[in-house]
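Let's take a walk through this one, helix by helix, and then look at the space left inside.

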Amino acid sequence: MTVGTFERLINILEKAFMNFKFNIEDEDLVEVWFNELAYMDDAKAVLAVKKVIGTCDFVTIKNIKQAYAELDMPVQIDNEEGWGLVEKAIRLYGYMRSDEAMNSLPVQVQKAITYMGGFQSICEAEKKEVIRGQFNKAMASVNIRTRSEATLGNTLFEQISLYQNKVELEAKNILQLEKSRQMAELNDEKIANNKEHIANLRDIFAKSISNKTSSVGVGA
């Protein structure tokens, strides 16, 4: 978004919402708002603001971003509807025409199928109820990701994803270190037990030798 478009949209919002007063002299305020909306395309940002004016009682950064996301959002397809489209594609195209089948489906459904291993793998599945449940989970995941990407913008979404991946990796490393520590403790305990066991065997062996020696002495 250009600075000119930003100023124009703020002016429109002030006129549309009587309780919305934007202090353009407040540098921190301007920086926060502009940074949050800067990823938007100018033309679509104008449409998003018009949608906010037509559907919201007040204006916030959040509802502008939500309105903008909904402009980019493909038609929402729920899990069962998506599975119905997959079954229809299987009937129409079958295993041998998987490329045509994929091209006939909405993008979100294609992504869910890709998560499942591809169209042909779904065709080959013997237990349809199992594959249907797996597809529904994949479809739900695609819908959540699509909405998040559209609402947050690609840059922020990627930043959050990178951070979450970093946190997950750190958690896995900590878990691995804990497992290694526990294994080391178990090994140390085993070594200590073995040493004690060996010491006991030596004592028993020594006593056995001593008893035999004593017996030989008595016999002599």
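**How α1 packs**

Start where Thr5, Arg8, Leu9, Ile12, Leu13 and Ala16 in α1 meet Asp42, Ala45, Val46, Val49 and Ile53 in α3; contact here means heavy atoms within 4.5 Å. This is a predicted model, in which local features need pLDDT of at least 70 and side-chain atom pairs count only at pLDDT 80 or more, while totals for chains, interfaces and linings use all residues. Residues are numbered from 1 along each chain as its sequence is written, and side-chain values use heavy atoms, with hydrogens and water left out.

By class, that contact of α1 with α3 has eight nonpolar, one polar and two charged residues. (Ala, Val, Leu, Ile, Met, Phe, Trp, Tyr, Cys and Pro count as nonpolar, Asp, Glu, Lys and Arg as charged, and the others, Gly among them, as polar.) The helices are DSSP runs (H or I, at least four residues), numbered from the N terminus.

How do the axes of α1 and α3 (residues 42-55) cross? They come within 11 Å and cross at roughly 10°, which makes α1 roughly parallel to α3. Axes are lines fitted to C-alpha atoms over the stretch in contact, with angles running from 0 to 180 degrees between N-to-C directions; under 35 degrees counts as roughly parallel, and 65 to 115 as roughly perpendicular.

Now turn to α2. The axes of α1 (residues 3-16) and α2 (residues 27-37) come within 11 Å and cross at roughly 110°, so these two are roughly perpendicular. Val3, Phe6 and Ile10 of α1 make the contact with Val30, Trp33, Phe34 and Leu37 of α2. By class, it has seven nonpolar, no polar and no charged residues.

The whole structure has one cavity of 30 Å³ or more, meaning a set of points on a 1 Å grid where a 1.4 Å probe fits but cannot get out. Its lining is Phe6, Leu9, Ile10, Leu13, Trp33, Leu37, Val49 and Ile64, each with an atom within 4 Å of a point. The largest share, four residues, comes from α1. By class, the lining has eight nonpolar, no polar and no charged residues.

Note on methods
Angles under 35 degrees count as roughly parallel, over 145 as roughly antiparallel, 65 to 115 as roughly perpendicular and the rest as oblique. On a 1 Å grid over the protein atoms alone, a cavity is a set of points where a 1.4 Å probe fits but cannot get out, and a pocket is an open set with protein on both sides within 12 Å along at least five of seven lines; lining residues have an atom within 4 Å of a point. Grid points are joined across faces, edges and corners, and a volume is the space filled by probe spheres set on the points.
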